[in-house]
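Dear colleague,

Please find below the structure that I am handing over to you. My notes on it follow directly after.

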Amino acid sequence: MGAMPESVPVRCPACRRERLYTAPRYPCACGAPVEPRLDLHAAPTAVAHRTWEEEWITVRCRSCGRHGQWPRPELGCACGAVLRLPLTDLAEGPADGATDGGEGGGGAAGAETGDRTGPPADAPEGGPADTGRPTDTPPPSRPPFRPIAVRTARDAVTATALYLRWLGHEDIRRADQRPTSGIGLAARGLLAHVDPSVHPASLRDVECLWLTAMTASADCVYFSLAGYTADARARADSLAVPLFVLDLTGTPQPVNAAAERLDAPGA
């Protein structure tokens, strides 16, 4: 598969103006960039109505084969129209040259096979068996988080979803129960509230998230662009609700001890 060009011309169907668009790159859990493939032969469409299902696409990482859900590429035109970019196959095939265990397949399957064929090549012949003592090898650490700039409420949701995936939650989706304000995201055993408003989150906001999570037997975490009131922070501390502030780079900054524990390496 050929590499996508860095920028492609996009003509707005409403005003006929043409702009250059660069396809976004999202970080896979393996560290490789994932880039949706734009269809250069189809015209963009103006977004008239939004649904959650249409906001996300599934793209397969060509390096490790993981399927991830990412925001659908869109472009805002100067005339006010929001353009949805046409895409080719969303679920891409395996990486070039990769197979399911054939010659040259490599990857996890090859490593697994190698682990089971016997002791390492440099092990001394007739050496003692494994004593079961723990080694000094530290646990694997997460790769650096790669944020996206936050310019809109949608960017805030995308940045939060990227961060939750970075924490290890792969099944990010829209929460079944929508909050009265902001946007709810959910994963297995987790509820997240994204508050893109310009007002600090209140005590009631934190309590509502906590109660909803308790009903669903899930943990919860709050992300806000404007921070939190003093009462909200105190209540979150008593309930052990992690609080984060999203800065304009899209990097969540821990606000309380619960958030610092969640953000810590090896958590």
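With which residue does Glu18 form a salt bridge? The partner is Arg11, and the closest N and O atoms of the two are 3.3 Å apart. A salt bridge here is a side-chain nitrogen of Lys or Arg within 4 Å of a carboxyl oxygen of Asp or Glu.

Please note that this is a predicted model, in which local features need pLDDT of at least 70 and side-chain atom pairs count only at pLDDT 80 or more, while totals for chains, interfaces and linings use all residues. Residues are numbered from 1 along each chain as its sequence is written, and side-chain values use heavy atoms, with hydrogens and water left out.

Salt bridges

A search of the whole structure finds three salt bridges. In the pair described above, Arg11 is partly exposed, at 38% relative accessibility; buried means under 20% relative accessible area, exposed over 50%, and partly exposed in between (1.4 Å probe, protein chains only).

Asp171 forms a salt bridge with Arg173, with 3.8 Å between the closest N and O atoms. Asp171 is partly exposed, with a relative accessible area of 32%, and Arg173 is also partly exposed, at 35%.

Glu207 forms a salt bridge with Arg235, and here the closest N and O atoms are 2.8 Å apart. This pair links distant parts of the chain, since Glu207 lies in helix α4 and Arg235 in helix α5 (residues 230-239), 28 residues apart. Helices (H or I, at least four residues) and strands (E, at least two) are DSSP runs, numbered from the N terminus. Glu207 counts as partly exposed at 24% relative accessibility, as does Arg235 with a relative accessible area of 31%.

Asp205 is buried yet has no salt bridge; the nearest side chain of opposite charge, Arg204, is 4.8 Å away. Beyond its neighbours within four places in sequence, Asp205 is in contact (heavy atoms within 4.5 Å) with Ser181, Asp195 and Tyr222.

The sheet

Three strands form an open sheet in the order β5-β9-β8, with antiparallel pairing. Its edge strands, β5 (45-46) and β8 (74-76), each pair on one side only. Two strands pair if DSSP finds at least two bridges between them; β8 and β9 (residues 82-84) are joined over three bridges in the antiparallel sense. Gly76 stands opposite Val82 in β9.

Yours sincerely

Key
Lys and Arg count as positive and Asp and Glu as negative; His and the chain ends are not counted.
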